Amino acid sequence: MFRVLFFLNIFYFVFTIPKESIHIMEDLPIGTSIYTFSTDGCKTINNTGIYRFVDSQKNSNDFFLIDPYTGRITTKKLIDRDDFCLRRTCSCSKCEIILEVLCVNVGKIFFNDLSIIIDDRNDHSPQFSKSSITIDILENVPIDYLIPIDIAIDLDYGNNSIQGYKLLEDNSTNKLLNAFQIEYTKKNDLLALRLIKILDRELYHSLEYIIQAYDGGQPQALIGHLNIYINILDVNDMSPIFDRSEINVFLSESTSIGSFVTRVHAFDGDTGLNGLVYYTIVSFDPPSNGTFILSKETGEIRLGKSLDYEKEKSYRIKIKAQDNGPQQVSIPAFAMIYIDIKDENDNYPLITPTFNDDKISGIEHISNSSIITIRENLSNGTFLGHISISDLDSGNNGLVSWSLESNGSISIKELFNNEAFLMFTARIFDREEQSQYEIYLKAYDHGIQSLLTILNFTLIILDENDNAPIFDKDFYLINITETIPLNTILLHFHAIDIDEENTLNSQIEYQLNNQTIFSLNSITGELRLIGKLDREEQSSYEFDITASDHGQPQPLSSTVRCIINLIDVNDNYPIFDLSEYIFEIPETWSNLSPIGYVHATDADEYYSELTYKLVYNDMTMTNDWPFELTTNGTLYLKDASVDIDYERRSIYQFLILAIDNDGLNTSVPVTIHILNRNDFCPELINNSTALFFNIDLWFNNSNEKFNHYYLELFDGDNDTCSIELLNFNNIFKIDLIQHNQYLLYAHILPEREYYILQFRLRDLINETIDQSCIRYAQLVLTIGTNETNQTLAIDIAREYLEALYLISRRSYSYFNLTLFNVIFVIILLSIAIIISLISIKIIYLSSNSCHQRRLRKHKNDSHTLYRLQGPTETRLPLLDNGPGEPSLTSSWNIAGN
């Protein structure tokens, strides 16, 4: 289990994982896998974290590789524990390497400590520097006389290192048995032969021995051999004797080359050349060729190379003194010099930065530089990288403190006893506020003369096209007389874009739409009059001016309303009761209900009859303005078909003009807030309506994600949505992955060739406030194998689904077409009937008119009177007679006939 250590703002969780420990054997083959991190939370179904070493410049990290995607640790080089011990990479008693690993996954950072203990393999046998040596000794040396012997070297450690020595002799060769015994002091690593019997050259002149060095390896100890030949010399000379057989020196690592270190001195009782003593270095431990220089004549030891406490902390030198007498009788003397190196504050604190380089996330580290670029508006708490701080010195010289100066741009999380820390953004950067931040990290040690290291890196904020041009006014309103001359400059529109200067993000262009009487300069924003004004034809002009930048990927624009009123003479403007009107309506507001009222008065009596007018002031103006205003100042929606949508726009800001009957006007700002209602239904937004199921992957138990299908729902109200499978529930299931994202999969093997899957979509809202929306959707799932052409199968399945859809639409369309034809025939018949009736009426009227003319003519010729029938006769309706003419009845008599 891991434990949460730190939470930065709302974006990054920082976790530390309890340290784990493993043992490995030295000399493992290169590429051997030794451990795999399986950090809970760093690997998810959809995302895999990225693993890396916290300090990739540590020496121990050079021997291991980490797979950034799996977290597997493998050996990069051959690991020799004995070499690690000699180079002080690890402790010789317990060779432990600590790997510090960081894993970054979406919104989370995990730290892992892995302790790798390298176990020793008994792969080195004890080795003497020579296979044999010859020693000359006088026959009169006293009992307990010691002959120093160079020890054997075993690079292994512990029980696998040298455990002791044995002295072997051949009874048939040596005439004097058990003359010497071996002595070994493990504490000081001193080996010598001690004389325990008196020597007599007249009886024997030489002895032969074998020194056997053995280690404690299991199951079989390893052994090294040294052959020793001892020559017994007559007593005719005096040998050198050191005044001090052991010398201890404490030497600073800052000692300059050529400085005096110490001096050895040996006495010789002889005179002349036989009394001259010469000094030579027999052995160095550790090997250090040229580090120390010995004067052969004086015994002075001087420094030959620079010292480094961090590489070697001590030296052991074996010195031999021998006089100038004949080699047969000159017996050398030996002395040991122990040199301990004193640590000096000669190493500056080391700062190792590892910057995050994730272009997709908007962070980029410029190679071979200390510059980090970051997009503005990135989330607060964005991970920038980590920094390790160390000092190769020891004690207070290696104790490091540090401070970070970032002007509030960076926050940190300390790790590993303050030896490393993470860096996060401490704010949401706005390039228009500040475009660059200089970060200073100062690390200093606690030596007597403190050493300071400064790391300076620069955080450059990259511009995003996040600022639309802004006009210097909320709206432009001018009143001009109708007699103003042509080509007069009426207005100068001015907008600014605070994005980076001299870039496309801040380059502004002005546009005027649907106006022929005015001209706008797209660069300067000057508005000129180019047509004649006539207030009797039009008393005011209202239009929008758009200022657009050229930013990518999408230019941004702002729109300002311009109102130009043509006025006669009038000196009092209408005054509104309030300085501002604010209303709230739901997006489902009825056009029959008033939104609100405005009222104004005019001090001029003649001009006090006021009317009200809407003046639009909309940054994203469309042609369909949804509001209308009555003459008495009442606001309504235009009609029921007007579309006001909270998701598209939640606030309308405009002006209302109060205009007197002479044209003077005053404006008041009006704000209408649109309240949200559930007016969007959920939609299934998959890229394809056809899916492919591979049966072979099912039987092969392959990665199941190939037969998993992600369904994503979208709701314009940003509601949480649910999806329900209406058929084939015994074969398929749907699981929720995250908000509005679901996973469709088969829990038993499908058997059909195609499946038409029916889904019910529903948004989940509080139904006490509003009503949820339900929709239905279809997907077709085609079944195949590895041999199936998936693209072709999916295309056929999609066409099959479309065919089903067209069949259902065709029957509906046929019904509509038939109904249309019936209606059309009825209309044609009605027109024909009307035309026929009109024709009959015209013929009838024409015939009756001719008959009346004949009657009038007959009357004039014969002067005959018409006699109406009695009161029982029926009177016809009046025909089209002239003024004063009598109406005719259905029957009459002609006199004089």
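**Grounds for the terms used**

Student: What makes the contact between the side chains of Asn174 and Glu169 a polar contact?

Tutor: Please bear in mind that this is a predicted model. The side chain of Asn174 lies 3.1 Å from that of Glu169 in a polar contact, and the cut-off for such a pair of N or O atoms is 3.5 Å. The Asn174 side chain also reaches the backbone oxygen of Glu208, at 2.7 Å.

Student: Where is Asn174 found, and what does Asn174 contact beyond its neighbours within four places in sequence?

Tutor: Asn174 is found in the loop between β11 (162–169) and β12 (180–185). With neighbours within four places set aside, its contacts are Glu169, Leu207, Glu208 and Tyr209.

Student: Why is Asn174 called buried?

Tutor: The relative accessible area of Asn174 is 4%. Buried means under 20%, so Asn174 is classed as buried.

Student: Asn178 is found in the loop between β11 and β12 as well. Why is Asn178 called partly exposed?

Tutor: The relative accessible area of Asn178 is 46%. Partly exposed covers the range between buried, under 20%, and exposed, over 50%, so Asn178 is partly exposed. Asn178 also has a positive phi of about 60° although it is not a glycine.

Student: What makes a positive phi worth noting?

Tutor: Most residues other than glycine have a negative phi. Asn377 is another case, with a positive phi of about 75°. Asn377 lies in the loop between β27 (371–375) and β28 (383–390), and is partly exposed at 40% relative accessible area.

Student: How do you know that Cys681 and Cys773 form a disulfide?

Tutor: Their sulfur atoms are 1.6 Å apart, and the pair qualifies because the limit is 2.5 Å. The structure holds 1 disulfide. This pair links distant parts of the chain, 92 residues apart: Cys681 is in the loop between β51 (665–675) and β52 (683–684), and Cys773 in the loop between β58 (754–764) and β59 (774–784). Both Cys681 and Cys773 are buried.

Student: Why is the disulfide of Cys681 and Cys773 called right-handed?

Tutor: The torsion about the S-S bond is about 75°, so the disulfide is right-handed.

Student: Why is Cys562 called buried?

Tutor: Cys562 has a relative accessible area of 0%; the threshold is 20%, so Cys562 is buried.

Student: How do you know that Cys721 is in no disulfide?

Tutor: For Cys721, the nearest cysteine sulfur is that of Cys773, 9.3 Å away. A disulfide requires sulfur atoms within 2.5 Å, so Cys721 is in no disulfide. Cys721 is buried, with a relative accessible area of 1%.

Student: What makes the charged end of Lys313 count as sitting over the ring of Tyr309?

Tutor: The charged end of Lys313 is 4.9 Å from the centre of the Tyr309 ring. The distance limit is 6 Å, and the charge must also be within 35 degrees of the ring normal. The charged end of Lys77 likewise sits over the ring of Phe63, 5.4 Å from its centre.

Student: Which residues have the most contacts inside the largest nonpolar core?

Tutor: They are Ile149, Tyr165, Phe180, Leu199, Leu207, Ile228 and Ile230, in a core of 29 residues. The largest share, 5 residues, comes from β15. Among the residues that Ile228 touches are Ile133, Ile135, Ile149 and Leu207.

Student: What makes the peptide bond between Gln552 and Pro553 cis?

Tutor: Omega is about 5° for the cis bond that joins Gln552 and Pro553. Pro553 lies in the loop between β41 (540–548) and β42 (557–566). Most peptide bonds are trans.

Note on methods:
Residues are numbered from 1 along each chain as its sequence is written. This is a predicted model: local features need pLDDT of at least 70, side-chain atom pairs count only at pLDDT 80 or more; totals for chains, interfaces and linings use all residues. Side-chain values use heavy atoms; hydrogens and water are left out. Helices (H or I, at least four residues) and strands (E, at least two) are DSSP runs, numbered from the N terminus. Buried means under 20% relative accessible area, exposed over 50%, partly exposed in between (1.4 Å probe, protein chains only). A polar contact is a pair of N or O atoms within 3.5 Å; within protein, one must be able to donate a hydrogen and the other to accept it, and residues adjacent in sequence count only if both atoms are side-chain atoms. Contact means heavy atoms within 4.5 Å. A nonpolar core is a set of buried Ala, Val, Leu, Ile, Met, Phe, Trp, Tyr and Cys residues joined through side-chain atoms within 4.5 Å.
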